[in-house]
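Open the structure in your viewer and keep the selection tool ready.

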Amino acid sequence: MKLKKTAAALLSALIISLTPTCAFAEDSEKDFDTSDGYTDVTDDEGYLTDSEGNYKYSLNDDGTATIEKYLGKETSVVVPEELDGVKVTGFGDYTYYMREDITDITLSENIADFGWFPFYGCLALKEFKVNEKNPIYTVDENGILFDQAGECIMAYPAALDKEEYVIPDGIICINSSAFACNPYLKKVTIPEGVIAQYMGIRAFAECTALETVVFPESLTAISQFCFAACTSLEQVEFTNKLQKIDQAAFYNCTALDTVVLPSSLQEIGQGAFISTAFDQIKIPAGVSSIGYSAFGYYTDDKDEIVQMDDFTIYGYNNTYAQSYCNENGIDFVPLDNDGAAETEKVKNSSDEKNLNRNRIIWAVCILLVIVIIIVIVILNNKSKKLKDEDEGDYEDFELEADETADEEEETNDSNEESDGEV
């Protein structure tokens, strides 16, 4: 698988440890390996081969057997109840790894334990079946594997061609690699109740069609490699209770161009967002740990980790975001106490064009307003001037009329005096 090959470059630079994240996984600690992140058993020393040559298996302390590797040619697999007279009780790591010819698997009565990623890369697997006497596991009408208690989804067939899936209510555990490698799923809704301790590693890795994931408030952490190589995932919306994004959680999500980190976030693991599409990110003040290459890095054609030429982190002074930028030579833009740059978004060419267009529109509008105001002022002044001139002419006319009346009155008086004298 692509993830297995490219993970070598990432994990060779990431020195990390692992604690099992699923209640149904083995309790023993696994060591990281530069091939895919965990010990992938290629050395068969110490394993037994059954008499029919179909399985490699190991013996447990209680005298039961764990299937380590399937060697058979059957594409419709029925897990045996026994191998060479020894009761089979579980799967090891990568038991059916990359068996792209298997179409269905039937779990036997006594299967109880799962190792890491036993069905990873079974691309033709359409359904699971379970022996009706098995007290631990069951399947639904779609051939999806659950535990009998209805608390854990164990495995979702990689060849099940549903575009949308809502995980049933009551589920609190998603097993490691449960949905991995399914090329059909576009949307998955995770129900309330799923918690970080039981969110499996690589749970949705290499779901190449996955576009949307609905997270529950109950989920406080995203597990290691959880969405690695989900190449159609363009944006994610985290809840305000998320505290941790584990290492390589969104590694190689090459279409992921919109990420808003919640204020509740405290820890970001190594390589968490390596080889993603965004070139700017705002980091909340409460983040107290950022792992190597979490932001601003990608893997090139040779699967080598390379720092991006242009990456900007918005954050607060004297926080871990600033320290990460200083340590990695990444541009840091400080935010004020009120988060003044909170609305700052990642800009692409179309954003710049829209911004410039809006600036021009506003400039033209302002100019028009100024012109209108000037015209109004001029018209008002002209109107006032005309009014003043009209009032002046009227006053002159009244003065002339008064003078004419006075002259006529004086004439009349003179005539009267003349008549008196006669």
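A salt bridge is a side-chain nitrogen of Lys or Arg within 4 Å of a carboxyl oxygen of Asp or Glu. Side chains of opposite charge can pair when their charged atoms come close. The model on your screen is predicted, and a search of the whole structure finds 5 salt bridges in it.

Start by selecting Lys 129 and Glu 127. They form a salt bridge, with 4.0 Å between the closest N and O atoms. Lys 129 has a relative accessible area of 36%, so it counts as partly exposed. Glu 127 is partly exposed too, at 31%.

Next, select Glu 163 and Lys 186. Their side chains meet in a salt bridge at 3.9 Å, N to O. Which parts of the chain does this pair link? Glu 163 sits in the loop between β11 (152-155) and β12 (164-166), and Lys 186 in the loop between β13 (173-174) and β14 (187-189), 23 residues apart. Glu 163 is partly exposed, with a relative accessible area of 48%; for Lys 186, also partly exposed, the value is 34%.

Now select Lys 244 and Glu 267. The closest N and O atoms of this salt bridge are 3.8 Å apart. Lys 244 is partly exposed at 26% relative accessible area, and Glu 267 is partly exposed at 33%.

Terms used: Residues numbered from 1 in each chain as written. Predicted model: local features only at pLDDT ≥ 70, side-chain atom pairs only at ≥ 80, totals over all residues. Heavy atoms only, no water. Buried < 20%, exposed > 50% of the residue type's maximum accessible area, 1.4 Å probe, protein only. Helix = DSSP H or I, 4+ residues; strand = E, 2+ residues; numbered from the N terminus.
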